[in-house]
Amino acid sequence: MFVKEYGHGAQLVLGLHGWGGDHREFATLAPHLPADIRLLCPDLPGYGRSPRPDPLTLESILSPLAALLDRCSAAGPCILMGYCSGAALALLLAQRRPADVSRLVLIEPLACMPWYFKLFLAGRPGRLAFATAFQGGPGRRVVNGLLGLFQPAGEDFTQGLAQLDAELALGYLACLRPLGLKDLTLAGVPVEIAVGEQTFRAVRRSARLLGRRLQPSRVLILAGAGHLPLKRCAHQLSRLLAVEAAPVAQ
């Protein structure tokens, strides 16, 4: 598994990227990292420079991530961070290995799959819909235009999906669809949630569900941000990672 490293601190942070990205989603945090932090960002199995598991299952996704968490926590529990669908994977890892996680930071978490994502899993028509919406120039412009009605202007929500293998993207959706993260329990691991002020309804709903379920120590609302806060609010998000986290404006 390919892993990109940012920072040189003693406290390890393991960051899991979202459905349409790779390790580069966290590059914006690098200039703002606290001095005590070293951020390790893998390409999830099948993404970027990491090999694709065969078969692609939830277990074949989580197993190499659990092995990486083992290495990260060898000298003590690490901070586990996930963005979007990577937050779902982070939750599952923390549930399996709570002793290896000192804190869980969930950025724009999806605790339940939006209905429109489920359309992409409807066999051949779903694959065609995915390709039309995300992998062609006209479709991407239409999707970005529609999403731009509800999100901050000028954000490209489909860039990462343009070159992503459709079977891999849909395979991840199929693995994550049945999770029911709102029913997960997580004992003994402090949780912090960060969501954009103008994010999608599904993310806001997920944050409320996880808030009731996990009782996070903090829910940070990122002013002026939508579903891409790693670009707009890198400084605020990086401060969440400090070993002794300083107060962050809510």
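This is a predicted model: local features need pLDDT of at least 70, side-chain atom pairs count only at pLDDT 80 or more; totals for chains, interfaces and linings use all residues.
Local features were taken at pLDDT of at least 70 and side-chain atom pairs only at pLDDT 80 or more, while totals for chains, interfaces and linings use all residues. Side-chain values rest on heavy atoms, with hydrogens and water left out, and residues are numbered from 1 along each chain as its sequence is written.

Six of its seven residues are buried, so strand 5 is largely enclosed by the rest of the structure; buried here means under 20% relative accessible area, exposed over 50%, and partly exposed in between (1.4 Å probe, protein chains only). Two strands count as paired if DSSP finds at least two bridges between them. Strand 5 runs parallel to strand 4 (residues 78–83) over six bridges, with Tyr-83 opposite Ile-107. Getting from strand 4 to strand 5 takes the chain through helix 2 (residues 85–96), in a right-handed β-α-β crossover, that is, clockwise from the first strand over the helix to the second when the strands point away from the viewer. Strand 5 also pairs with strand 6 (residues 191–196), again in the parallel sense, over four bridges, and Ile-107 sits opposite Ala-194 there.

Helix 5 (residues 137–147) has Gly-139, Arg-140, Val-143 and Asn-144 buried. Seen down the helix axis, these buried residues fall within an arc of 130 degrees, so they line one face of helix 5; the arc is taken from the directions from axis to C-beta atoms. Pro-138, Arg-141 and Leu-146, on the other side, are exposed. Helix 4 (123–134) is part of what covers the buried residues of helix 5, contact being heavy atoms within 4.5 Å.

Terms used. Helices (H or I, at least four residues) and strands (E, at least two) are DSSP runs, numbered from the N terminus.
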